[in-house]
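User: Hi! I'm new to this one and would like a friendly walk through it.

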Amino acid sequence: MYKKNRVLQPTFFFVLFTVISFVSFLTYGEVTSQQCVSCHQEQVKGWQKSHHFNSMGYADEKTVLGDFNNQTLSYLGYTANFYKENDKLMISIPDDTGMSIPYQVVYFFGYEPLQQYMFDMGKGKIQLFPFAWDSRLKADGGQRWFVLHPDADSNNLFHFSQMGQNWNYMCADCHSTDFKKNYDLKTKSYDSTFSAINVSCNACHGDPKKHLVWANNRAEDRVNVAEPNKGFTEYIGKSTHLFQRQSDGSMKSVKPVQESKQVAMCATCHSRRSFYKNRSTPTEFLNQFQPSLLTPELYYVDGQVWDENYVWGSFTQSKMFNRGVTCTNCHNPHTGKLKFKGNKTCTQCHGIESFDTPKHHGHQMGSTGSQCVDCHMPITTYMQVDDRRDHGFRVPRPDLTPKTGVRNACNDCHKDKNSEWAKTAIKKWHPSSKYIGNDHFSQSFYAADNNLPNANAKLKAIAQDSKLPDIVRASAITRLDKAPLLLELKSKLDVEPLQNLALITASETLPINQRWQLLNNLLEDNHLPVRINAARSLAILLTESYSKKMSKLDIKRLNNGLQEYKQAQQYQADKGFSHTNLGNLAIDLGDLEAAQKHFLTAIDVEPIYSLGYINLAELYRQKNDEVKVQSILEDAIEKNDKVAELYFALSMSFVRTNKKDLAKSALKKATEYANENAHYHYTYALLLQDLGQLTQAITSFEVAFNLNPNDSGITYSASKALAAQKQYTRALYYANHLAQLMPDNPKIKKYIKQLTVMKSLNF
């Protein structure tokens, strides 16, 4: 590996590549690309046209697509400028006062449908500009500058100066090859390195040294070299080339499915995940990264993508993945493009006569809706212009929309129709559909996420259903809220890392002795995320009151896991959350002084990181020092005055110190900055009620109810407040709704009778 300084001029290799040819454009440690090109010219030519090749590069007039001929753009009420200065590409960004700060463009990301740019902020910290060039055709709305995060001011995570726009932390691991972050906490500086600026051959194939040994052997001698994968560590080819439909409608591989690490390899970048160390081999996905599950922040409850998940989380839900389909069954691995145009991508396996016909898709041939992707891979647009397709390949379920609020592909196009119309249309085309009207895991997830009764029994069934994708089963486990179910479930789960990670998350409510029973065998799991999360969950056992009862071997096992956990946090030391994690660990181990230092470091590393302040304030609360609690939270609000959590925490401190008027003001701010947070509105209503402001309290109770109508506490409080004002009709409405949430509850039945009597007597 050679070290990349934060130089502003292209290297010799880059210039030679862009000006002369593709032969000498990159290095792979000690092995140059010349050795790859000599045998793989076609693959290299394809790669040169790919998003991987353009994932990152040095910025100059040949590589940059944006217009730098004295262009301007409105930004946060001021004007940004795009211009050239002595052959350098420059962007001036107005600060909070409107003063323009010039930065040289040193790197670019991507090329279509947009291109982003980066600058050196000093100390090796590379940041992304807040602007992007829309590289689409002008007729499609492109060929323009635009602001990526128009509302992101200097206190926002996605402001160009903050860590949400930092290359070293956010982007480099996937956009470059063999990236090493090398962050120094003492100097708050980076000494980051990579072997190739973009996604090159060994990003996917790994170290080529043994492959070159294999390739350089005479053909007749290769059989004697013990390298089954041509010298590479793992097989990353297709599991099978083709599937065919059977008489019963199922799909079967034409040849036995071969185990492949391809999807795991692609997932190291094409997934929403956390990472704990510098990557090593390309296929160690679940040993280096912890993928996100199907949470409400990222997915609809039926698994359709909501926020960016980068494909893997959707694809692993699909039947195709679970049958052995890999990325390169559809995509050329070097160009990244689809192998076939239109429906041919799908009909290579799914027969034309059965699927590429109006009888199946119900649309006129050649029209929108006649393409397989229109219905089975709906589009979500990110970064304003970047359309990405959901890779869950699911059957449209408009019948689930009114039940769970999920999107459906039919009404994505037919916006003037409702879901009932779409369901009727599908039933007309497919009267014997085995999907429409049948149960789906989304209904159970919706019930759990909205605190509906009987959700746990359904979640338990999903967790045990081996026919369902692993990511779905794991996501069901995390939603379980009855601890005894976890102990019962463990013996019935597969030994899969996602399920184990979910089990760790769900076990937080268990007493520590039961947690040990459930998780102690995971301390030596083969997957780093499982080991360190299990250790973190069990850390309290190292305190004096528990450790006396543990064996020396178990203490050693737990200490080993926690040491790895600490190393993972130290790798992320450029982010505030790593230090709050260490601070919370210190609290569990009884070291409040160390916890305080970690929380202060979190604030120092990332001054806008509100959770650092909140954790520090909570530590002071435990010490009964409300003066410091209020001081640290007020300091946080001064730095970032639009964070609802800060105002809520401050309001609770004011309540504890009987400063209820101040608490009211802070709580009101919390509800304004998080106006969809039912808990904040509910708490605000309770405080208003306590202050004797019942009319205003009722308004807030009803806001909270509308946001979360399945919360029994909110529903009961709204009813009682209305009854106190003798508004019995409205009080009965909430009481009857409460009875639906908690059926067969005798206290609720008695309460409804009382309200009914008072209403009749006009009491």
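Here is a short chat about the model.

User: What kind of model is this, and what should I know before reading it?
Analyst: This is a predicted model, where local features need pLDDT of at least 70, side-chain atom pairs count only at pLDDT 80 or more, and totals for chains, interfaces and linings use all residues. Residues are numbered from 1 along each chain as its sequence is written, and side-chain values use heavy atoms, with hydrogens and water left out.

User: What is the mean pLDDT of the protein chain?
Analyst: The mean is 92, and 94% of the residues reach 70 or more; pLDDT is the predictor's confidence in each residue, from 0 to 100.

User: Where does pLDDT stay under 50?
Analyst: Over residues 1–32. Where pLDDT is low, the predicted coordinates should not be read in detail.

User: OK, sheets next. In what order do the strands of the five-stranded open sheet come?
Analyst: The order is 3-8-9-10-11, with antiparallel pairing. Strands here are DSSP runs of E with at least two residues, helices are runs of H or I with at least four, and both are numbered from the N terminus. Two strands pair if DSSP finds at least two bridges between them.

User: Which strands are at the edges?
Analyst: Strand 3 (57–58) and strand 11 (144–147), each of which pairs on one side only.

User: And how many bridges join strand 9 to strand 10?
Analyst: Six bridges join strand 9 (residues 114–120) to strand 10 (residues 126–134). Asp120 stands opposite Ile126 in strand 10.

User: What about strand 6 and strand 7?
Analyst: Strand 6 (residues 88–94) and strand 7 (residues 100–104) pair antiparallel over five bridges, and Met90 has Gln104 as its bridge partner in strand 7. In their hairpin, which has five residues between the strands, Gly98 takes a positive phi near 95°.

User: Switching topic: which residues lie nearest the centre of the second largest pocket?
Analyst: Ser260, Ala264, Leu286, Phe321 and Glu496, out of 33 lining residues. On a 1 Å grid over the protein atoms alone, a pocket is an open set of points where a 1.4 Å probe fits, with protein on both sides within 12 Å along at least five of seven lines; lining residues have an atom within 4 Å of a point.

Methods
Contact means heavy atoms within 4.5 Å.
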